[in-house]
Amino acid sequence: MNLARFPRIRLGHLPTPLEPLETLSKHLGGPRLWIKRDDCTGLSTGGNKTRKLEYLMAEARAQGADTVITQGATQSNHARQTAAAAAKLGFACHILLEDRTGYTDPAYTRSGNVLLDKLHGAVVSRRPGGADMQAEMEALAEELRRAGRRPYVIPGGGSNPVGALGYVGAALELVAQAAAMDLRIDHVVHATGSAGTQAGLVAGLVALNSGIPVLGIGVRAPRERQEANVLALAQRTAEHLGLPAGTVRAEHVRANCDYVGQGYGIPTEAMVEAVKLVAEKEGILLDPVYTGKAMAGLIDLIGKGYFRPEENVVFLHTGGAVGLFGYPDAFGLPADSP
């Protein structure tokens with residue numbers, strides 16, 4: 001499995017740290033918890049999309065593009081990192097933001113990731129919830145072509161076989177780090193949404209014959225649909241890598257979507273508690289849309305005895321803490337005393 005044969009532009013601060021969560025592990029009284037700090041990839045506050053963009057932006061450059069287009073929810077981490085990558089590499093950038101929550105608070109619609117999108121120079125436009133965002137991007141791309149531009153369209157989350165190569169690379173990185181530390185990894189847990197991160201991890205870890213299972217904690221779709229999306233993309237990624245047909249199978253893909261709450265991007269009480277707990281016990285900031293819900297799921301599963309006490313569980317931190325600034329009311333923090 002030779003990733004070096006695929007075009008790549010180095011954007012991230014890699015490898016990202018793999019660290020123990022000693023205080024949190026002791027507090028929960030469960031398995032030994034570790035965290036893979038992909039919030040530290042370095043591109044505009046970091047996050048998992050940076051790994052994907054290393055391959056996607058390389059393909060855009062190879063195709064002679066001068067503009068990139070992508071889409072996401074209002075507080076999209078992917079949009080922010082795409083805007084930053086475009087700024088760094090000299091591409092124009094168009095971001096289409098879909099209203100998936102109905103929130104109108106200025107903190108949500110203007111702060112956090114939205115503020116950073118604009119600071120990076122992206123052209124930001126809005127679309128209503130339920131819009132066909134792929135069709136919206138294609139329509140914009142055609143408009144730009146007529147104006148003489150050369151656009152490259154990046155799917156939401158950067159989740160296609162090219163983008164998923166970033167998490168094939170992360171699988172290689174994680175296994176190498178664990179070997180250097182004499183660490184036996186029994187489980188990897190992370191937030192799963194647009195499927196690219198989990199698909200890349202699964203394809204990479206299966207190809208390595210690592211025996212490490214990946215559990216995605218869903219933040220949007222029901223379990224059956226999420227697992228189907230991940231499996232399809234993992235298989236397409238394996239094919240893109242040139243791996244034999246049947247390398248990735250249904251039993252390699254697991255998602256738990258019990259912690260979504262009322263919907264994508266809508267806070268839950270458990271998410272708020274998880275974000276506060278990790279901040280207070282480890283000094284690490286999670287985000288309200290992805291990693292907060294994933295950690296809430298992990299904490300609940302620990303309480304239910306899903307993991308054995310002696311096991312090593314790696315939580316992949318996919319970033320996004322800047323999104324906290326879009327949800328100030330969700331945390332109910334006390335005002336400063338006079």
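**Exercise 1. A charge over a ring**

Which residue lies over the face of Tyr264, and at what distance from the ring centre?

Solution. The model is a predicted one. Step 1: take the ring of Tyr264 and look over its face, where Arg100 lies. Step 2: read the distance from Arg100 to the ring centre, which is 5.1 Å. Step 3: look for another arrangement of this kind. Arg51 lies over the face of Tyr167, at 5.6 Å from the ring centre.

**Exercise 2. Aromatic pairs**

Find how many aromatic pairs the structure holds, and classify the pair of Tyr108 and Tyr327 by the angle of the planes.

Solution. Step 1: the count of aromatic pairs is 5. Step 2: for Tyr108 and Tyr327, the ring centres are 5.5 Å apart and the planes stand at 85 degrees. Step 3: planes over 60 degrees apart count as edge-to-face, so this pair is edge-to-face. Tyr108 is in helix H4 (residues 106-110), while Tyr327 is in the segment after strand S10 (312-317). These parts are 219 residues apart in sequence, so the pair ties them together. Step 5: check the accessibility of each partner. Tyr108 has a relative accessible area of 3% and is buried; Tyr327, with 4%, is buried as well. Tyr103, Tyr108 and Tyr327 are linked by ring pairs into a cluster.

**Exercise 3. The pair of Tyr264 and Tyr290**

Work out the class of the pair formed by Tyr264 and Tyr290, and state where each residue lies.

Solution. Step 1: the description needs two values, because a pair of aromatic rings is described by the distance of the centres and the angle of the planes. Step 2: the centres of Tyr264 and Tyr290 are 5.8 Å apart and the planes are at 75 degrees, so the pair is edge-to-face. Step 3: Tyr264 sits in the loop between strand S9 (254-256) and helix H10 (269-282), and Tyr290 in the loop between H10 and helix H11 (291-303). The two residues are 26 residues apart, and the pair links distant parts of the chain. Step 4: buried means under 20% relative accessible area. Tyr264 has 11% and is therefore buried; Tyr290 has 19% and is therefore buried.

**Exercise 4. The largest pocket**

Describe the largest pocket by its volume, its lining and the elements that supply the lining.

Solution. Step 1: the volume of the largest pocket is about 770 Å³. Step 2: its lining consists of 38 residues, and those nearest its centre are Gly156, Gly157, Gly193, Ser194 and Arg220. Step 3: sort the lining by class, which gives 11 nonpolar, 20 polar and 7 charged residues. Step 4: list elements that each supply at least two residues of the lining, among them helix H2 (49-62), strand S3 (67-73), strand S7 (187-192) and helix H9 (223-241). Step 5: H9 gives the most, with 6 residues.

**Exercise 5. The largest cavity**

How many cavities of 30 Å³ or more does a search of the whole structure find, and which residues line the largest cavity?

Solution. Step 1: the search finds 1 such cavity. Step 2: the largest cavity has a volume of about 40 Å³. Step 3: its lining is made of Lys36, Tyr167, Ala170, Leu174, Leu201 and Leu316. Step 4: by class, 5 of these residues are nonpolar, none is polar and 1 is charged. Step 5: helix H7 (residues 161-180) provides the largest share of this lining, 3 residues.

**Exercise 6. Leu96 and Ala107**

Is Leu96 buried or exposed, and which residues does Ala107 touch, not counting residues up to four places away in sequence?

Solution. Step 1: Leu96 is in strand S4 (residues 92-98). Step 2: its relative accessibility is 0%, so Leu96 counts as buried. Step 3: leaving aside neighbours within four places in sequence, Leu96 is in contact with several residues, including Thr70, Ser125, Met133 and Leu140. Step 4: turn to Ala107, which lies in helix H4. Ala107 has a relative accessible area of 18% and is buried. Step 5: under the sequence limit set in the task, Ala107 touches Gln75, Phe325, Gly326 and Pro328. Step 6: Ala107 and Phe325 are 218 residues apart along the chain, and their C-alpha atoms are separated by 6.8 Å.

Key
Residues numbered from 1 in each chain as written. Predicted model: local features only at pLDDT ≥ 70, side-chain atom pairs only at ≥ 80, totals over all residues. Heavy atoms only, no water. 1 Å grid on protein atoms, 1.4 Å probe; cavity = no way out; pocket = protein on both sides within 12 Å on 5 of 7 lines; lining within 4 Å. Points joined across faces, edges and corners; volume = space filled by probe spheres on them. Helix = DSSP H or I, 4+ residues; strand = E, 2+ residues; numbered from the N terminus. Nonpolar A, V, L, I, M, F, W, Y, C, P; charged D, E, K, R; others polar. Phe/Tyr/Trp six-rings, centres within 6.5 Å; stacked < 30°, edge-to-face > 60°. Buried < 20%, exposed > 50% of the residue type's maximum accessible area, 1.4 Å probe, protein only. Lys NZ or Arg CZ within 6 Å of the ring centre and 35° of its normal. Contact = heavy atoms within 4.5 Å.
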